[in-house]
Amino acid sequence: CNISIDGVTKHVVNKIRGNNVFVELENIFNILTSNNVHFSFRFSINRINYKEIDNILRYSERWGVNVDIEPTQYAGNAAHDNFILSNHQFNFVEERIRIVSKNIKINIVDSFRDSILCDGGMTDLLSLNTDGVAVACLMIDRIENRRRPSAILLPLKIQWDKIQEIKKVMREFYPCLEKCTSCKWYRICSSGCLVTAYHNRCLKW
């Protein structure tokens, strides 16, 4: 299983997730380990935890688990400027991953060193939203849910057909990135979910 954990100290984790969460997570890790259950970590890097990147890698190695490290996207509870990495902070994390990973013996997946633009519609995959419903793209589904009652869910076939529509929208957005290289949000848009960038950023400008 893949466990989302936003830091490796009580102060940072509790600040992001709430009091006592860090202790509860470590108890879960111990239970999983004692029962020989394989798991990995996923970290969303933001302005609160980005300076912990060295410790995040070493913490993962101490537990002997692989790690997935991604920049927090401008969406949901993180949809405010004080949470999202600046280009300078993004570059800091990228450089630290490059340096520390040379001495780390676990598998590290990240979109700081190599862009991972989409794990949904652009790669012909369906995802499950928080209601357990298969959707072509979690971010587009979230955006569309703003315009329709949550109880109205699209059939699976329609969701699958929407993948081609999503690809068309994203192909139209790629050229826009060439005009954005001086923007303070450029590294986030070019390394993460382009749907988020397209809908939550560019359409506001």
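Colleague: Which residues in H3 meet which residues in H4?

Modeller: This is a predicted model. A helix contact is read by listing the residues on each side. On the H3 side they are Ile 53, Asp 54, Leu 57 and Arg 58, and on the H4 side Phe 92, Val 93, Arg 96, Ile 97 and Val 100.

Colleague: At what angle do H3 and H4 pack, and how far apart are their axes?

Modeller: The angle is about 40 degrees, and the axes are 9 Å apart. That makes H3 oblique to H4, because angles under 35 degrees would count as roughly parallel and those from 65 to 115 as roughly perpendicular. The crossing of the two helices is right-handed.

Colleague: Now the rings. How many aromatic pairs are there?

Modeller: The count comes to 10 aromatic pairs. One of them joins Phe 39 and Phe 41, with 5.8 Å centre to centre and 55 degrees between the planes, and this pair is tilted. Phe 39 is buried, at a relative accessible area of 10%, and Phe 41 is buried as well, at 0%.

Colleague: Why is the pair of Tyr 50 and Phe 92 edge-to-face?

Modeller: The reasoning goes through the angle between the planes. For Tyr 50 and Phe 92 the planes stand at 90 degrees, with the ring centres 5.7 Å apart, so the pair is edge-to-face; the cut-off for that class is over 60 degrees.

Colleague: Which parts does the pair tie together?

Modeller: Tyr 50 lies in the loop between strand E2 (40–45) and helix H3 (53–63), while Phe 92 lies in helix H4 (residues 87–100), so the pair ties together parts that are 42 residues apart in sequence. Tyr 50 counts as buried at 12% relative accessibility, whereas Phe 92 is partly exposed at 33%.

Colleague: Take Ser 60. Is this residue buried or exposed?

Modeller: Ser 60 is buried, with a relative accessible area of 0%, which puts the residue under the 20% cut-off. Its place is in helix H3.

Colleague: What is Ser 60 in contact with, leaving aside its neighbours within four places in sequence?

Modeller: With those neighbours left aside, the contacts of Ser 60 are Phe 41, Phe 43, Val 65, Val 67 and Ile 106.

Methods
Residues numbered from 1 in each chain as written. Predicted model: local features only at pLDDT ≥ 70, side-chain atom pairs only at ≥ 80, totals over all residues. Heavy atoms only, no water. Phe/Tyr/Trp six-rings, centres within 6.5 Å; stacked < 30°, edge-to-face > 60°. Buried < 20%, exposed > 50% of the residue type's maximum accessible area, 1.4 Å probe, protein only. Helix = DSSP H or I, 4+ residues; strand = E, 2+ residues; numbered from the N terminus. Axes fitted to C-alpha atoms, helices over the stretch in contact; angles between N-to-C directions. Parallel < 35°, antiparallel > 145°, perpendicular 65-115°, else oblique. Left-handed = near helix turned anticlockwise from the far one by under 90°. Contact = heavy atoms within 4.5 Å.
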